[in-house]
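Please open the structure in your viewer and keep the selection tool at hand. The tour below moves from one selection to the next.

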Amino acid sequence: MYSRSSRLALGMALLAGTAQAALVMWDLDVLESKRVAWKAGATDAVSAVEALLEEASAALTAGPYSVTFKEETPPSGDKRDYMSQGPYWWPNPDTGDGLPYIRRDGVRNPEGDALDRQPMSRMASSAVTLALAYFFTGEERYAAHGALLLRTWFLSGETGMNPHLEYGQRIPGRTPGRGIGIIDSPSLMPVGDAATLFLPSDAWTEEDHEALRGWFRAYNAWLLESDHGRDEARQHNNHGTWYDAQVVAYALFSGNADLAREILLGSVKQRIAAHIEPDGRQPHELGRTLPSGYSQFNLIGFVELAAMAERIGIDLWRYETEDGRGIRKALDYLVPYASGAREWTYEDLADPDWKRLAPVLRRAAIVYGNPEYESVLQRLLGGEAPRHRINLIVPAP
């Protein structure tokens with residue numbers, strides 16, 4: 001547990017840029033170098049921090065959010081239980097009451113917006129933005145509101161979420177919740193890093209931080225031990241990848257590096273072999289109605305896993321099966337489509353948005369020493385590139 005003296009020491013070190021804090025999703029050295037560049041007036045850092053602070057200004061008025069604010073009560077009778085609805089399930093036109101709902105893959109039903117998925121995502125996004133703004137500026141208003149968001153969503157006895165997703169992605173008339181609902185919570189993965197960046201502030205106490213670590217420890221236990229969690233762990237598409245990514249992130253934040261290593265060296269390598277073909281195709285994603293989006297989403301999950309693995313001395317970036325399946329193969333399959341060199345011919349309900357690959361391309365340019373990835377990123381983002389947040393959390397190649 002952090003003592004007050006150690007918390008203050010860590011806070012001073014974070015502000016001075018000398019701490020080797022246990023960040024999970026980000027690299028403290030990179031953040032500090034970007035802060036130094038911003039203070040020195042480096043053009044790219046100035047543009048990116050300017051965009052960050054614009055977003056932080058909006059985040060200061062966001063929320064607070066809570067699972068208890070929804071109008072509906074979960075089957076448990078406890079509003080502190082998270083609840084969401086399967087996004088691609090719609091009322092049945094052939095029945096008077098619309099039940100049981102029917103699936104329209106890739107077509108999102110806005111009914112679910114009244115439940116907890118969007119508030120959770122907004123809470124996490126706002127907290128992350130405020131944490132980065134606090135790190136760069138040291139302004140207490142960012143830490144104060146970010147701490148309020150985290151305490152309200154996770155820690156309050158009245159409004160805090162219970163650490164499970166038993167009622168995630170329900171289907172009216174079919175089931176009150178599914179293991180698939182766990183795909184709702186990758187937005188929580190950077191929350192631990194956000195909380196760590198708040199440690200220099202008195203707005204985020206030692207007790208707050210340890211309570212949040214305890215919450216994620218409990219949530220990880222549910223992911224590993226519940227029927228829903230075990231079901232999601234067996235999924236053979238992006239659901240399985242992001243399940244592993246969440247377990248690793250929450251294990252590292254809550255202090256269980258052994259569990260993280262077990263997942264990274266075991267099931268993640270198995271998923272690379274099962275999800276990626278030797279030529280880089282991801283057949284479980286290409287078979288969906290939004291194949292470009294799901295192929296990118298699954299690859300982003302693998303890249304997040306590789307980045308976390310790197311921080312504890314495991315190289316997944318260069319891992320390949322004997323027949324050549326690996327993260328780079330999946331990326332190189334998509335890059336020609338992202339660059340416009342090849343036409344996307346798969347049937348897709350939406351026009352491909354290759355900008356989602358920006359963080360992957362930046363990381364790949366560095367890890368693989370290939371400037372072509374950065375060139376594709378710059379072409380995709382165009383004039384938006386200098387203001388993109390990736391410039392603050394990943395070093396320039």
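At what angle do the axes of helix 10 and helix 11 cross? Select residues 257–265 for helix 10 and residues 267–275 for helix 11, whose axes come within 3 Å and cross at roughly 20°; the axes are lines fitted to C-alpha atoms over the stretch in contact, with angles running from 0 to 180 degrees between N-to-C directions. Helices are DSSP runs of H or I with at least four residues, and strands are runs of E with at least two, numbered from the N terminus. This is a predicted model, in which local features need pLDDT of at least 70, side-chain atom pairs count only at pLDDT 80 or more, and totals for chains, interfaces and linings use all residues. Residues are numbered from 1 along each chain as its sequence is written, and side-chain values use heavy atoms, with hydrogens and water left out.

Next, select Arg288 and Asp105, whose side chains meet in a salt bridge at 3.0 Å, N to O (a side-chain nitrogen of Lys or Arg within 4 Å of a carboxyl oxygen of Asp or Glu). Arg288 lies in the loop between helix 12 and helix 13, and Asp105 in the loop between strand 3 and helix 4, so the pair ties together parts that are 183 residues apart in sequence. Arg288 is buried, at 16% relative accessible area, and Asp105 is buried as well, at 17% (buried means under 20%, exposed over 50%, partly exposed in between, with a 1.4 Å probe and protein chains only).

Finally, select Glu277 and Arg325, which meet in a salt bridge at 3.3 Å, N to O.
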